[in-house]
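Subject: Structure handover

Hello,

Here is the structure for you to take over. Please load it before reading on.

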Amino acid sequence: MKHAGAAPTFFEPTAIELPRPGRLVVAQRAARSAGALAGHLAPYAAGRLLRRGDRTLARALRRACEDLGATYVKFGQAVASSPAVLPAAIAEEFRSCLDQGPPVPWSEVRRAVEVGLGRPLESAFSEFERRPVAAASIAVVHRARLKDGSQVAVKVLRPGIGAVVAADLDLIEPFFRLLARQGIGEAGNAVAYVVGLRRQIAEELDLRNEVRTMAHFRGLFERFGLTRLVIPHVHEELCSERVLVMEYIEGGPIDDAVLANEYGIDPAPLVRELLRAWVVTALGAGVFHADIHAGNLFLMPDGRLAMLDWGIVARLDPATKGLFRALVETCVGREEAWDVVADHMIQSQGAFLQEGFGASRAEVKELTRMYMEPVLTKPLKEVSMAAIFMSPEQARAVNHGEPPPKRNLREKWQVNRTLAKALRKAMAAGHFEQEMQRQTFLAGKQLIYLERYGRMYTPDEALLGDREFLLAALEV
């Protein structure tokens with residue numbers, strides 16, 4: 001593995017603070033949300049009552065998300081990218097949320113480009129397609145051609161997207177916190193997602209952050225010899241706060257096995273390279289691409305893998321980087337590293353694990369090992385990454401083959417009350433606002449994406465099973 005010298009320090013991105021929406025704006029968004037949900041769910045409910053039609057609940061919810069756009073499409077993207085967590089048919093239903101949202105009016109696209117350029121659009125582009133080639137939650141992408149003949153992708157932020165997202169989050173976050181206080185464990189994961197999303201969107205609202213991120217990672221990939229991975233070339237002179245102009249990449253999603261066959265590509269080496277990039281950039285530079293869903297990973301006709309959309313990047317603080325390094329060390333047989341992992345978990349989740357559940361340090365160590373050891377070291381076909389977001393009993397059943405205990409109603413109620421108490425303590429202590437919590441949540445999402453590609457192309461290999469590579473990476 002190629003590397004030389006210390007890794008350059010990652011810049012601190014500019015964050016545009018999300019506006020604080022007024023009560024009227026929130027009320028209008030609430031009314032629209034309720035109307036969209038009712039409008040799309042009513043036909044589903046009617047069909048169920050009348051026992052006719054094939055309109056599924058997933059389809060109704062997906063259409064509601066696309067109708068509402070913005071934050072709801074973000075949730076749809078999370079569903080589409082999680083076939084390991086949710087039934088595959090549901091994840092597939094939401095796949096259009098990755099890049100098939102509503103277009104931005106052409107007049108708005110032109111205005112944003114021209115404001116950024118400071119001159120007419122035609123002065124920089126010989127062609128500019130009005131219909132977007134991709135339209136996601138925060139931005140749309142149009143294909144264009146520069147005066148020199150180069151084909152480019154032009155990413156343009158949706159107008160007013162910050163205010164819409166802020167209103168949505170002000171509606172959604174209290175609802176999930178209320179559910180968490182009632183002991184609904186999945187709501188705790190939802191709170192973590194929403195809290196992280198608020199900060200993430202604030203950084204995505206300035207596309208100059210993405211320009212700098214791509215340049216930074218291009219240097220890291222060169223330093224670590226990751227030649228199979230491609231980051232599109234950026235035309236920085238044409239970029240601005242709301243517009244990013246980059247090389248247009250021909251290809252299709254990494255999980256399109258039919259396309260891989262048409263290209264004559266074996267994706268297995270690309271999946272291994274992707275995993276290595278994730279490990280070495282996190283260990284060496286403390287950063288990694290934190291949104292590697294299939295819509296952002298393109299198989300190229302020449303056999304390389306393009307990594308797109310660098311708006312979401314994890315920047316590991318020293319404690320989180322230490323936790324990540326310790327987990328890698330456990331995978332090469334360093335038994336003492338589990339003690340380091342336990343210390344980090346207590347530091348970041350003490351209010352939840354120790355105060356909420358009364359867990360001792362030894363119990364935290366055993367619990368963390370139960371969650372992490374199988375998903376990192378067993379062949380991918382034998383485990384589920386989704387277990388890291390499950391309760392301990394569910395995780396033991398999924399990855400250890402231990403059947404969950406049978407409980408009567410009173411025992412189930414007691415378990416629910418204990419979880420509710422732990423979640424309330426965690427929220428009161430600001431657990432979900434901690435940087436380590438955000439970064440580990442982002443890392444968990446990437447593990448689920450990596451599992452999907454690994455199950456498709458390298459099912460007999462463990463996620464972190466290449467001991468020789470890991471030993472070299474630990475020396476970075």
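Below is what turned up, grouped by region.

Note that this is a predicted model.

Aromatic pairs

The whole structure holds twelve aromatic pairs. Take Phe-221 and Trp-310: the ring centres are 6.2 Å apart and the planes stand at 65°, so this pair is edge-to-face. The two residues come from distant parts of the chain, 89 residues apart. Phe-221 belongs to helix α8 (residues 207-223), while Trp-310 sits in the loop between β10 (305-307) and β11 (313-315). Phe-221 is buried, at 6% relative accessibility. Trp-310 is buried too, at 1%.

Elsewhere, one aromatic cluster is made up of Phe-75, Phe-175, Phe-176, Tyr-193, Phe-389 and Phe-441. There is also a charge over a ring: Arg-276 lies over the face of Phe-469, 5.3 Å from the ring centre.

Nonpolar cores

The largest nonpolar core has 128 residues. Which of them touch the most other members? They are Phe-217, Phe-221, Ile-254, Trp-278, Val-279 and Met-372. Helix α10 (residues 268-285) gives the most to this core: twelve residues. A second core is separate and has 20 residues, among them Val-104, Val-140, Val-152 and Val-156.

Back to Phe-221. Leaving out residues up to four places away in sequence, Phe-221 touches Leu-226, Leu-229, Ile-231, Ala-277, Thr-281, Met-307 and Trp-310.

Sheet

Four strands make an open sheet, ordered β5-β10-β9-β7, with mixed pairing. The edges are β5 (229-230) and β7 (252-253). Each edge strand has a single partner, so one side of each is left without a neighbour in the sheet. Strands β9 (residues 297-299) and β10 run antiparallel, joined by three bridges.

Backbone

Most residues other than glycine have a negative phi. Two residues to check against that:

- Ala-70 has a positive phi of about 50° and is not a glycine. Ala-70 is in helix α3 (residues 70-80). At 7% relative accessibility, Ala-70 counts as buried.
- Asp-309 also has a positive phi, of about 55°, and is not a glycine. Asp-309 lies in the loop between β10 and β11, the loop that holds Trp-310. Asp-309 is partly exposed, at 24% relative accessibility.

Best wishes

Note on methods. Residues numbered from 1 in each chain as written. Predicted model: local features only at pLDDT ≥ 70, side-chain atom pairs only at ≥ 80, totals over all residues. Heavy atoms only, no water. Phe/Tyr/Trp six-rings, centres within 6.5 Å; stacked < 30°, edge-to-face > 60°. Buried < 20%, exposed > 50% of the residue type's maximum accessible area, 1.4 Å probe, protein only. Lys NZ or Arg CZ within 6 Å of the ring centre and 35° of its normal. Pairing = 2+ DSSP bridges. Core = buried A, V, L, I, M, F, W, Y, C linked by side-chain atoms within 4.5 Å. Contact = heavy atoms within 4.5 Å.
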